[in-house]
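Let's take a friendly tour of this chain, from its aromatic rings to its helices. Have the sequence and the coordinates open as you read.

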Amino acid sequence: MSQTTTDADVIIIGSGVMGGLLATRLLQAGKSVIIVEAGPRVTRQEIVERFRNSPFKMSLTNMKLQGVGSPYPDLPYVPSTYGDYLQQVGPVKYPTKYLRVVGGTTWHFGSALWRMIPNDFRLQSLYGHGRDWPLSYDDLEPWYCDAEYELGVSGVDGQDESGHGGKAWPPRSKPFPMPGLPTSYMFDRLSELLGKGGYNPVLEPNGRATRPWGNRPVCAGNNNCNPVCPIGAKYDGTRHIDEAERLGAKLLDNSVVYNIEADDSGKITRIWYRKPDRSEHSLTANVFIVAAYGIESPKLLLMSVSEKYPKGIANSSDQVGRNLMGHTGISMNFMMDEDVWPGQGPTELLVYLNNRDGEFRKQFPSYKIKVRNTVPTADYAASLISKGILGSELDAELRRQSARSLNFAIDFETVPLPENRIVPSKTKTDAIGIPLPELSYSVTDYWQAGKNEGLKDFANFAKLLGGKILKIDTSYQDRQHIMGTTIMGDDPKNSVVNSDCRTHDHPNLYIAGTSVMPSTSCMNPTLTGAALTLRLADHLLKNNLV
């Protein structure tokens, strides 16, 4: 369907994992693709070097933030989310962290790549909360397999990921591409102790290579997956972006898209982007795909106002930017009375899923409990030195804390609320005049009921493990999993896209990524987003829409 009057068959806005997957599939089918990315290119070498050489303060409350933001650019035209770029106006802060660079946020993600389970797609009809999906687990299952292969997922075949220690779950038509990572001493010892209380260990499926995979080496257990895998064993979005460029994609970095134009019939005709020098440029295509993650995608649609579309593009339902979801959580710092040596292997490995699914979801949300496999030694040292502990005493205490300190974190499912939303700020802009995102977020009594159940699990863990609770943090921790802001549904009156990720309002505009998800489950959403994206690519090609 190429037309000489357009710049490309397809324009993709965003160069993260979703944009890269789409581009490679379309290019393999002979289509021309332009990828437009707001941020700059970065290299693994520069990020590793900057991380290694920059001072940072680690957080015992959320070890994922142990300097995660420090190595990545903070530029006037693409401000870092680790500063005050995200404007918080709601009763609960939603301080999510994502990267605006070529390759996207998977540069620093923990690489947990979970499937949802069948009942997650029917939350409203089964349990009376949230929304149902317009498609089922069975509809998405082949695409989960495809996504696991594309992202190079390692996992345990036959494992019961419901957390009940029974038959293999969820159903899968193909095995994992790679076997799971070996368990650590901490994994085995905690499994033994917590198993006495009926807690069944689950080895997390993830995007780390356990055998050579493409040009990725085997995971060496460097244990700084956040902020960057130093050897590239962990999947990140540059894998598919690099492949797309090899296949002929044109990638425009440092190009911030700020407007999408549509004609009176609803067809998208052009996008506009701004360079760091504030110069403005436009591009045309037959099909446009927004893949800029869950904050930037709705912000762009809402900024694209005109006389014909006063509420923005794709927003006849008034749902663009609404239904912001995530995995708001709590955590516990715990001191064992024996050495268990966390930090062996990657940063995420062991989870407990006893409350992943069941009739309880009518009363409280599903949740997972994860053991953060990290050792923030610098944080321990700073605390000890501030107390005057030095020399051999410092060495001994560092050894004890490093061997025995654990952090347990709970991720709770949240439900779509129209009042939880992102809008472009009316008063604050970045250096090139583009509005900052303004976020309003809250939680419900349903979430609070889940928190109460999670606290019971923390108390049980303490009894089973022996040792001492150092701190329990219930301050609405954000897990950096953005969902719901361009929500999927069959009814154009209460959703933004249909089951094929096409916007209801515009025949040639699609949205890729986790922002289309109508429910969150309690699991990391990246694999589900990737499965939906591959399904979208297939839909476009099979139906000759591009």
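Tyrosine 199 has a relative accessible area of 7%, so it is buried (under 20% relative accessible area with a 1.4 Å probe and protein chains only; over 50% is exposed, and in between is partly exposed). This is a predicted model, in which local features need pLDDT of at least 70 and side-chain atom pairs count only at pLDDT 80 or more, while totals for chains, interfaces and linings use all residues. Residues are numbered from 1 along each chain as its sequence is written, and side-chain values use heavy atoms, leaving out hydrogens and water.

Tyrosine 352 is buried too, at 1% relative accessibility.

## Aromatic pairs

How many aromatic pairs does the model hold? The count comes to 15, where rings of Phe, Tyr and Trp (its six-membered ring) pair if their centres lie within 6.5 Å, and planes under 30 degrees apart are stacked, over 60 edge-to-face and the rest tilted. Phenylalanine 121 and tryptophan 133 form a tilted pair, because their ring centres are 4.7 Å apart and their planes stand at 55 degrees. Both of these residues, phenylalanine 121 and tryptophan 133, are buried.

The rings of tyrosine 199 and tyrosine 352 have centres 6.3 Å apart and planes at 85 degrees, so this pair is edge-to-face. Tyrosine 199 sits in the loop between helix 5 (185-195) and strand 6 (201-203), and tyrosine 352 in strand 13 (residues 348-352), so the pair ties together parts that are 153 residues apart in sequence. Helices (H or I, at least four residues) and strands (E, at least two) are DSSP runs, numbered from the N terminus.

Elsewhere, ring pairs join Phe360, Phe364, Tyr367, Phe412, Trp447 and Tyr476 into a cluster.

## Helix 9

With 14 residues (391-404) at 1.5 Å a residue, helix 9 should span 20 Å, and its end C-alpha atoms are 20 Å apart, which agrees. The expected span is 1.5 Å times one less than the number of residues.

Its buried residues are Leu394, Glu397, Leu398, Gln401, Ser402 and Ala403. What covers the buried residues of helix 9 includes strand 12 (329-336), helix 8 (377-386) and strand 15 (405-412), with contact meaning heavy atoms within 4.5 Å.
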